[in-house]
Amino acid sequence: MPNATNTLNKTMTWASFFNRGRPCALVGNEPALTSANCVIQAILGPPFEWRWNRNQYQFTCLSPAAVWTAGTAYPLGYSFKDPNGNMQTVTSIGSTPFQSGGTQPTWGTNLANMSTTSDGNLTWTVGDIQTYIISCPDFAWIEHASVQDITLTPPKWYDMQPEMSLSLDSSTARPRFISAHYDDGNGNIGFTMTPVPNQAYPVTIHIQKKSPVFSDILQTWAPIPDEFSYIYNFGFLTMMWLFADDPRWQMANAKFISHLLGANRSEEHT
């Protein structure tokens, strides 16, 4: 993680000298907090990609041989095809001994609301056989994804095309498209792929992480490195001048945008 030590309070102090001493925080640290959130969310939001703001997730597509058995410790993300033809995925392992119950439960079937099933210490979430529920608490959006074709010797990696949404598909093959289809609000993301995977293909997804939210002026601008303070400082100054009805906000905004586009362009070539 790059060095990120600058706090919002430090930016506020800097901005006040250019704002004729006007305070950046009046009531409940506003408008400073919301202004800072607007800036950091703009920097970390799509389409901007940063090497210091990405993460990688991996999972394996549903294996035709995957089954449910009693008294078994299943890891998070394990999936199998239940007797109803739906995919069941472990989304919580509960407490020790982290295993399934003694008898097979009655599986949830509500695909629209992705109902859950309690099974011993485990919780399973139902989904269609195209959707893989993965714990990605920092997920914002997919940069790119790859699938490994294990039917080849040696296995070979292929790109998958990220899409905003995908329709249901009846065909089965190595998947070529992927979409973040579902978010339960608890960090579990449902990734849909087409065609429907017909083997236990390994999948790797590179993501950009979602922006943190300022709730205190002593928070740092992490994950944005200190060397990019020239970007968020001008973004914050833009908001302060706009709040003060200072015409210089247009100049500051132009600098913010040019700095942001220039820095992100350089990231693409490093």
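## Two cis peptide bonds

Pro154 sits in the loop that runs between strand 9 (139-149) and strand 10 (156-163). This is a predicted model. In it, Thr153 and Pro154 are joined by a cis peptide bond. Its omega is about -5°.

Pro195 also deserves a look. Its place is the loop between strand 12 (188-194) and strand 13 (202-209). The peptide bond leading from Thr194 to Pro195 is cis, and omega is near -10°.

Why point these bonds out? Because most peptide bonds are trans.

Most residues other than glycine have a negative phi. Two residues here go the other way.

Arg20 has a phi near 55°, which is positive, and this residue is not a glycine. Look for Arg20 in the loop between helix 1 (8-18) and strand 1 (25-27).

Phe98 has a positive phi too, about 55°, and again the residue is not glycine. Phe98 lies in the loop between strand 5 (87-92) and strand 6 (116-119).

## Exposed or buried?

Is Arg20 exposed or buried? Its relative accessibility is 60%. Exposed means over 50%, so Arg20 counts as exposed.

What about Phe98? Its relative accessible area is 35%. Buried means under 20% and exposed means over 50%, with partly exposed in between. Phe98 is therefore partly exposed.

Notes. Residues are numbered from 1 along each chain as its sequence is written. This is a predicted model: local features need pLDDT of at least 70, side-chain atom pairs count only at pLDDT 80 or more; totals for chains, interfaces and linings use all residues. Side-chain values use heavy atoms; hydrogens and water are left out. Helices (H or I, at least four residues) and strands (E, at least two) are DSSP runs, numbered from the N terminus. Buried means under 20% relative accessible area, exposed over 50%, partly exposed in between (1.4 Å probe, protein chains only).
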